[in-house]
Amino acid sequence: MMRATRLVAVVVATGAAAAACDASGERPAIVVSPDMAFSIPYDPYDPNPNTPTGQTLLAPPEGTMPVDGEWFPYGAGRDEQARAGRELTNPIPADRAEIQRGKHVFDTFCAVCHGAGGAGDGTVIGTGRFPNPPSLVADHARGLPDGALYHIITKGQGIMPSYAVQVRPADRWRAIRYIRTLQGGGK
């Protein structure tokens, strides 16, 4: 019985392999699931009759969390920023390796507007381009708690957009550690 089963399996596998040799370019020889082999592609901004809104590009379902899995329970605005400042503390230690990583994050995402020294004089700032952002080394920024800075990076402020997608949560805290060194504090 076992021998017959093996023989049938070998015959089926040989037949499938022989049939697969009939494939050509993008066309498969055997189509097991035609909807998957010949699906209709939609560009992100194309109308789409298959979605509830008629748009191809859909917002993620409510409650969707980023891969990092951190829920940020603060809304936009100054009141929520102040609340984050009172409630959040920086979980990243102020050691050399973390600050170096923070510098890398700052140089990558922040310095273009805030400048390498945080003075609000980045390379995209200037007449006819973008206005100067607030200086990160001014007294006001020095007085902001780490949680408030984290809120600004996460939610944005003024014309600064949110960087929640671009900068992972731990790296936001590391960037704040680096900003504190620019301000003359931290290690």
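Which residues are buried in helix α3? Let me start there, keeping in mind that this is a predicted model.

1. **Helix α3.** This helix runs over residues 78-87, and its buried residues are Q81, A84 and G85. They lie on the same side of α3, because the arc they cover around the axis is only 100°. An α-helix has 3.6 residues a turn, so residues three or four places apart point the same way. Turn to the other side of α3 and you will find D79 and R86 exposed. As for what the buried residues of α3 pack against, the partner is α6.

2. **The largest nonpolar core.** Helix α6 brings us to the core. The largest nonpolar core is made of 16 residues, and L144, Y150, W173 and I176 have the most contacts inside it. Two elements, α6 (146-155) and α7, each give two or more residues to this core. The most comes from α6, which supplies five residues. In soluble globular proteins, nonpolar side chains tend to be buried together.

3. Setting aside neighbours within four places in sequence, I176 is in contact with N90, D146, L149, Y150 and I153. Another core lies apart from the largest one; this other core has seven residues, including I99, C110, L136 and I179.

4. **Cysteines.** How many disulfides does the structure hold? The count is zero. For C110, the closest cysteine sulfur is that of C113, and at 8.9 Å the two are too far apart for a bond. C113 is likewise in no disulfide, the sulfur of C110 being the nearest cysteine sulfur to its own. C113, at 26% relative accessibility, counts as partly exposed.

5. **R180.** Is R180 buried or exposed? R180 sits in helix α7, which spans residues 169-182. With 13% relative accessibility, R180 counts as buried. A polar atom of the R180 side chain lies 3.5 Å from the backbone oxygen of A141. Looking back along the chain, Q166 is 14 residues from R180, and the C-alpha atoms of R180 and Q166 are separated by 21 Å.

Methods:
Residues numbered from 1 in each chain as written. Predicted model: local features only at pLDDT ≥ 70, side-chain atom pairs only at ≥ 80, totals over all residues. Heavy atoms only, no water. Helix = DSSP H or I, 4+ residues; strand = E, 2+ residues; numbered from the N terminus. Buried < 20%, exposed > 50% of the residue type's maximum accessible area, 1.4 Å probe, protein only. Polar contact = N/O pair within 3.5 Å; in protein donor to acceptor, adjacent residues only side chain to side chain. Disulfide = S-S within 2.5 Å. Core = buried A, V, L, I, M, F, W, Y, C linked by side-chain atoms within 4.5 Å. Contact = heavy atoms within 4.5 Å. Arc of directions from axis to C-beta.
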